[in-house]
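Here are a few friendly notes to read beside the model. Please keep the structure open as you go through the points.

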Amino acid sequence: MWLCRKINKNPILGLVIYPYLPEIGRTNTFYKKGKKVTDGMYPEKIEQITHPYDKLEHVLIDKPIYVFRWLLNRFVFLQNGNLQYYILYGFVFVTAAILLPFFISKVMVIINFLNQQ
C-alpha cells in the first residue's frame, strides 16, 4: 500500500484512512470535470433572512444573565479542587448557620432596648 509517497508495510494504516476517502472526494469537487446545467439565472429560490435584535430581550434576558454570570464568577475561587478547602468551606457554612440566629437575636434585643422610651 502507498501512503504519503512511501511504501506502507503495515496494511492496518491503509484501513485507517479508508473511511475518510469518500469525504475527501466530496470536498474536492473542484477537481471534477463537467458543467452543471441550470434553468435560468437563479436555479434555486432566493431567500433573505434577518435576525433583528430585540431590545426587550436585551433588557429582560441578556442583562440579568450577564449579572448572574458576573456574580457566579466572583465565587470561582471556591472551586480550586483541593479537598481540604472544601471541608473547611463546610465547617464555615455550618458555623455560620449556627451562629447567625444567635447574632440576630442579640441585635433584636438591642433594637428593642433602644426603642423603649
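Which residues do ring pairs link into a cluster?

1. The cluster consists of Y85, Y86 and Y89. Rings of Phe, Tyr and Trp (its six-membered ring) count as a pair if their centres lie within 6.5 Å; planes under 30 degrees apart are stacked, over 60 edge-to-face, and the rest tilted. The structure holds three aromatic pairs. One of them, Y86 with Y89, is tilted, at 6.3 Å centre to centre and 55 degrees between the planes.

2. A word on the basis: this is a predicted model, where local features need pLDDT of at least 70 and side-chain atom pairs count only at pLDDT 80 or more, while totals for chains, interfaces and linings use all residues. Residues are numbered from 1 along each chain as its sequence is written, and side-chain values use heavy atoms, with hydrogens and water left out.

3. Why are Y86 and Y89 separated by about one helical turn? They are three residues apart in helix α4, residues 83-115. Helices (H or I, at least four residues) and strands (E, at least two) are DSSP runs, numbered from the N terminus. Y86 is partly exposed at 36% relative accessibility, and Y89 is partly exposed at 26%. Here buried means under 20% relative accessible area, exposed over 50%, and partly exposed in between (1.4 Å probe, protein chains only).

4. Finally, the chain as a whole. The protein chain has four helices and two strands, in the order β-β-α-α-α-α along the sequence. Of its 117 residues, 2% count as buried. In helix α4, F93 is exposed, with a relative accessible area of 59%.
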